[in-house]
Amino acid sequence: MVAVAGRTYPAVQFEIEPDRVAAFARAIGADPADGVPPTFAAVYSLGVTAPQLFGDDEAAVDFARLLHAEQEFEWHRHPRAGETVTSRGRVASDMSRRGMRFLSFESETTDAKGAPVCTSRTLFVIRLEVRPARAPARS
Amino acid sequence: MSERKVTFNREQIAAYAEASGDQNPIHLDGDFARSVGLPGVIVHGMLQMGLLATVASEAAGGPDKLRRLSVRFAGMVEPGDTVTFAAKPASPGKLELSATNQRGEAVLTKASAEYVE
């Protein structure tokens with residue numbers, strides 16, 4: 001595992017399909033007639049970039065020990081069903097202490113004209129393998 | 001004050017997994033969840049945040065009014081748990097949010113939202 005702060009991933013395009021939006025709205029008990037639910041950003045923003053981080057061998061994120069600890073979305077506007085948006089993932093910080101690794105991951109989503117739509121900020125906490133303590137040196 | 005009480009079940013978790021694409025087996029497969037030290041399947045944090053967003057949207061006057069939403073996932077939620085999601089005005093354009101289980105424990109903390117009036 002190496003610290004990967006500052007690492008960026010290639011842009012990913014995603015089409016916001018109306019049927020998927022409606023299924024998502026029903027799953028969170030929202031009215032599909034109200035348009036794209038705000039937290040559908042978990043799909044069109046975080047959902048398309050996080051797999052790039054998880055698939056990055058150098059970042060070595062142990063998925064089984066991963067906790068989604070904090071999440072923030074900031075919307076410049078809410079996208080409409082049928083739009084295609086583009087998201088770019090970036091590791092904002094990567095620090096390990098006391099057996100825990102704290103990885104801040106951001107995803108910036110823009111529309112077809114390049115105008116900002118949403119910023120997703122995630123804190124992932126990964127429990128690191130506990131290594132047995134070294135035997136004390138003999139004097 | 002907007003409020004919503006939800007008792008989670010496996011069907012709702014499966015529907016969210018399907019619609020969101022988050023098919024992590026800790027949400028769907030009890031044996032797998034126990035093998036990684038969990039009590040059993042747990043509810044997606046993002047499903048909880050999605051429900052909280054519906055309450056925040058109602059308090060803000062519509063989902064398109066929301067400009068920011070943030071939470072800390074503070075506690076595990078399992079099928080059968082009942083969580084009360086609530087939003088109340090904090091200051092102009094700002095909401096204070098909460099999500100509390102049937103034992104009175106906060107499952108989402110540091111939860112707040114901003115909206116355009």
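1. Contact here means heavy atoms within 4.5 Å. By that rule L97(B) touches L52(B), A56(B), L69(B), A86(B), A87(B), A111(B), S112(B) and A113(B), not counting residues up to four places away in sequence.

2. A note on the basis. This is a predicted model: local features need pLDDT of at least 70, side-chain atom pairs count only at pLDDT 80 or more, and totals for chains, interfaces and linings use all residues. Residues are numbered from 1 along each chain as its sequence is written, chains are lettered from A and ligands numbered from 1 in the order written, and side-chain values use heavy atoms, with hydrogens and water left out.

3. Now the cores. A nonpolar core is a set of buried Ala, Val, Leu, Ile, Met, Phe, Trp, Tyr and Cys residues joined through side-chain atoms within 4.5 Å. Buried means under 20% relative accessible area, with a 1.4 Å probe and protein chains only. The largest such core has 49 residues. F40(A), Y44(A), F8(B), F85(B) and L97(B) have the most contacts inside it. Helix α3 of chain B (residues 45–60) gives the largest share of this core, nine residues. Another core lies apart from it, with 13 residues, including L53(A), A59(A), F105(A) and I126(A).

4. Next, the strands of chain A. Helices (H or I, at least four residues) and strands (E, at least two) are DSSP runs, numbered from the N terminus. Two strands pair if DSSP finds at least two bridges between them. β3(A) (residues 84–97) and β4(A) (residues 100–110) pair antiparallel over 11 bridges. M95(A) stands opposite F102(A) there. Their hairpin has two residues between the strands, and R98(A) takes a positive phi near 50°.

5. β4(A) also runs antiparallel to β5(A) (residues 116–127), joined by 11 bridges. R101(A) stands opposite I126(A). Five residues lie between these strands, and G114(A) in this hairpin takes a positive phi near 85°.

6. A27(A), I28(A) and W75(A) supply 23% of the area that chain A buries against chain B, more than any other three residues.

7. Finally, charge. A salt bridge is a side-chain nitrogen of Lys or Arg within 4 Å of a carboxyl oxygen of Asp or Glu. Three link chain A and chain B. R68(B) forms one with E72(A), the closest N and O atoms being 2.7 Å apart.

Notes:
Buried < 20%, exposed > 50% of the residue type's maximum accessible area, 1.4 Å probe, protein only. Buried area = accessible area lost by both parts, 1.4 Å probe.
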